[in-house]
Amino acid sequence: MVRSLPREQIQFLIKIRVQFLTQRFGEQGSAMTLYESLAQRFIDDIVCERLPIGARLPALRQLAQQQGVSVTTAGKAYDYLADRGWIYARPQAGYFVANRSQITEFPALSSHSLTPRDPSRFAPVQGYNSGLTGFAPLGTSLLAPALLPEVDLARTIKRVTRRASQSMFSYPESQGLESLRQALSEHFRENHFAFNAEELVITNSCLDSVRIALECLTEPQDAIAVCSPCFSGLLDLLTTLKRQIIEIPVTHEGIDLHALETCFAGQKVSAALLSTTHVNPLGITLPTQQKQAIAALASKYKMPIIEDDVYFELSHQKEKPLPAKYWDTDGYILWCSSISKVLAPGLRLGWCLPGRYFDKFYGHHSYTSMGVNSLVQACIAEFILCGDYRNHINKVRPILQSQVHLYRQFLAEHLPSSAQISAPQGGLVLWLRIPGVDTNQLADEARKAGVDIRRGSCFSTHPDYNDCLRINCGWPLYLKVERDSAQMQLQGLCELVQSLKGSDS
């Protein structure tokens, strides 16, 4: 007996077909490749639920044999599906159907007049980035120590320390060790993002780079355009620096470019502070066209844009997206990043490409920090140059992608059916919306239970995200079922949500 599909599902399947064929054929009428044709068969089966969520797909060699194609073609088909969120890989386990059912629109600002707001007036009682005393896996955006290359890093540190010269114990170069700047230049060149080592300034972290940029380009009470929702740590920094903010809505489709340009054209802001890749907390990456448009707007209005790109390396897709800085031909974008989310946050090392603001940035950095620990810089340079850094990134990215899918599946099974769960393209976090639940109350109850989350109100000066929350996915599930494990924390969070939903009914 053939099961008839719901009308909505048929319409969705038709839409997917039209989008796929339009993308492939366009105006040129180019033929669909063999791997794309194979991928589309899987998409049809997933949409029609012939392949349910979590279903295991054939191994590459098995698929190649079944379909009469090469292993290379089979691999390209799986890469195509994974890059578009249809499937995901579990290291040493195979490929599985991803949960796309929760991909949905999240709330944007219901009304924004593009008038400056003082973030200090709207901060939660304990600040935007408040968390538990101590550590719990769902709160702070971090990779678990088990996923970090502790042995390789320790070996590098020992090797560098053994041959450390007297210069290691002198004041460091203000711009940063040349060996590190050169190593970073070569590393990112392999990612097709090229710059000269002389253009780079080493700092103590990505947030430190952002701070320096804000301090040398803006003044207290100046207004800064920021993404909304905005990473809570940036809101705390802006509060400390006494900057005003104008929130620019960001949704699953990208940033509101019209609102951003209105701020630039009307000289409502002195600078913009934007995340563009694996945006925290939404997890989205702005489309390439939007990144190009941001660079064009910066040049058109001569507006400095500080690009916070700390999750740049943690793409869940095979190809890493490029930052907006890549299209910045006139130097108005200051690109900031670090090793904190990828390698070891305790080492406190970041960098900035200040573009046309190099002299201002470098001068302010020199006077306020006196450089960065030379031994740490030398160790990271060695770790990059010997290939261990890239090996670590290549190893951890598929693991992280798998973890995110496992978190999404767990939450979809244990949260109310009305809950909405983000489908990030990279990074470490999930953004949840649970209609009818005040996440300020939820966070207070979670704190009592020892569960650390970030309430939606931590990411805005507006009340639009009070039924949202953010959790970290950097800790593996199902490793150890202990009270402070990620699985137990997730289970406790879901039980709290269900109890709050029940008390409201």
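**A buried helix, a sheet and a helix pair**

Modeller: Let's start with helix 12: 10 of its 12 residues are buried, so helix 12 is largely enclosed by the rest of the structure. Keep in mind that this is a predicted model.

Biologist: Okay, which residues of helix 12 are the buried ones?
Modeller: They are Ser 374, Val 376, Gln 377, Ala 378, Cys 379, Ile 380, Ala 381, Glu 382, Phe 383 and Ile 384.

Biologist: And what do those buried residues pack against?
Modeller: Their partners are helix 5 (150-162), helix 6 (178-189), strand 3 (201-203) and helix 13.

Biologist: Switching topic, in what order do the four strands of the open sheet run?
Modeller: The order is 11-12-14-13, with antiparallel pairing. Strand 11 (420-421) and strand 13 (454-455) are the edges, so to speak: each pairs on one side only.

Biologist: How many bridges link strand 12 and strand 14?
Modeller: Five, between residues 429-433 and residues 468-472. Across that pair, Trp 431 sits opposite Arg 470 of strand 14.

Biologist: Which strands does helix 13 touch?
Modeller: Helix 13 (residues 388-414) packs on the sheet and touches strand 11, strand 12 and strand 14. Its direction is at about 20° to that of strand 12.

Biologist: Last one: at what angle do helix 7 and helix 8 cross?
Modeller: Roughly 35°, with their axes coming within 11 Å. The crossing is right-handed. Residues in the contact include Leu 207 and Val 210 of helix 7 and Leu 234 and Leu 237 of helix 8. By class, the contact has six nonpolar, one polar and one charged residues.

Terms used: Residues numbered from 1 in each chain as written. Predicted model: local features only at pLDDT ≥ 70, side-chain atom pairs only at ≥ 80, totals over all residues. Heavy atoms only, no water. Pairing = 2+ DSSP bridges. Helix = DSSP H or I, 4+ residues; strand = E, 2+ residues; numbered from the N terminus. Contact = heavy atoms within 4.5 Å. Axes fitted to C-alpha atoms, helices over the stretch in contact; angles between N-to-C directions. Left-handed = near helix turned anticlockwise from the far one by under 90°. Nonpolar A, V, L, I, M, F, W, Y, C, P; charged D, E, K, R; others polar. Buried < 20%, exposed > 50% of the residue type's maximum accessible area, 1.4 Å probe, protein only.
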